[in-house]
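Here is a short briefing on how one protein chain is put together. Keep the sequence and the model side by side as you read.

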Amino acid sequence: MADDSEEEAEEQGTCSTPSKAGAGGGQGKRGVFQRELRRMMYAFGDDPSPYQQSVEMMEELTIQYVTQLITSALEIGKPGKVQIEDIVFLLRKDRQKYARVRELLTMNEELKRARKAIEDLDAMPS
């Protein structure tokens, strides 16, 4: 199990451990999403402590989906780069996913503006 600093790095997306979720569909790295998946499964009506096999299956499906999505994004976009626009393009035909990604991007922009406004207020002399 990872220590606290590695867990924090994983949550922030800055983990120094190289990802093993390459062409093999994520077979090498397990347990990365289990805590979040357990919470999501409970939020969607599962038991507070779902079966480990259920969590592992959900994790495998999640990793396969994300790997496929990123691989497709790499094929349509700039070589070697995944951009947000590529992912939005791939999700355009799925109304629910497209609406959710647009909502999250809008929220992200609003948060950036709010942080900048707070920083500007803090920078002003009183």
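Buried means under 20% relative accessible area, exposed means over 50%, and partly exposed lies in between (1.4 Å probe, protein chains only). At 18% relative accessibility, S72 therefore counts as buried. This is a predicted model: local features need pLDDT of at least 70, side-chain atom pairs count only at pLDDT 80 or more, and totals for chains, interfaces and linings use all residues. Residues are numbered from 1 along each chain as its sequence is written, and side-chain values use heavy atoms, with hydrogens and water left out.

**Confidence**

- The mean pLDDT of the protein chain is 81, and 77% of its residues reach 70 or more; pLDDT is the predictor's confidence in each residue, from 0 to 100.
- Residues 1–26 have a pLDDT below 50. Beyond near neighbours in sequence, this stretch has 20 contacts in the model, where contact means heavy atoms within 4.5 Å.
- Where pLDDT is low, the predicted coordinates should not be read in detail.

**Overall fold**

- The protein chain has five helices and zero strands. Helices (H or I, at least four residues) and strands (E, at least two) are DSSP runs, numbered from the N terminus.
- Along the sequence, the pattern reads α-α-α-α-α.
- Of the 126 residues in the protein chain, 15% are buried.
- Take the contacts between residues at least 6 apart in sequence: 31% of them join residues at least 24 apart.

**Helix 2 with helix 3**

- The axes of helix 2 (residues 34–43) and helix 3 come within 10 Å and cross at roughly 110°. Axes are lines fitted to C-alpha atoms, for helices over the stretch in contact, and angles run from 0 to 180 degrees between N-to-C directions.
- Helix 2 and helix 3 are therefore roughly perpendicular to each other. Angles under 35 degrees count as roughly parallel, over 145 as roughly antiparallel, 65 to 115 as roughly perpendicular and the rest as oblique.
- Helix 2 contributes Q34, L37, R38 and M41 to the contact, and helix 3 contributes Q52, S54, V55, E56, M58, E59 and T62.
- By class, this contact of helix 2 with helix 3 has four nonpolar, four polar and three charged residues. Ala, Val, Leu, Ile, Met, Phe, Trp, Tyr, Cys and Pro count as nonpolar, Asp, Glu, Lys and Arg as charged, and the others, Gly among them, as polar.

**Helix 3 with helix 4**

- Helix 3 (residues 52–76) and helix 4 (residues 84–91) have axes that come within 9 Å and cross at roughly 110°. That makes helix 3 roughly perpendicular to helix 4.
- From helix 3, Y65, L69, I70, S72, A73 and I76 meet D86, I87, F89, L90 and L91 in helix 4.
- By class, the contact of helix 3 with helix 4 has nine nonpolar, one polar and one charged residues.
- S72 lies in helix 3. The C-alpha atoms of S72 and D86 are separated by 8.7 Å, with the two residues 14 apart along the chain.

**Helix 4 with helix 5**

- In helix 4, D86, V88 and L91 are buried. The buried residues of helix 4 pack against helix 3 and helix 5 (95–123).
- The axes of helix 4 and helix 5 come within 8 Å and cross at roughly 150°. That makes helix 4 roughly antiparallel to helix 5.
- I84, V88 and L91 of helix 4 make the contact with K97, Y98, V101, R102 and L105 of helix 5.
- By class, the contact of helix 4 with helix 5 has six nonpolar, no polar and two charged residues.
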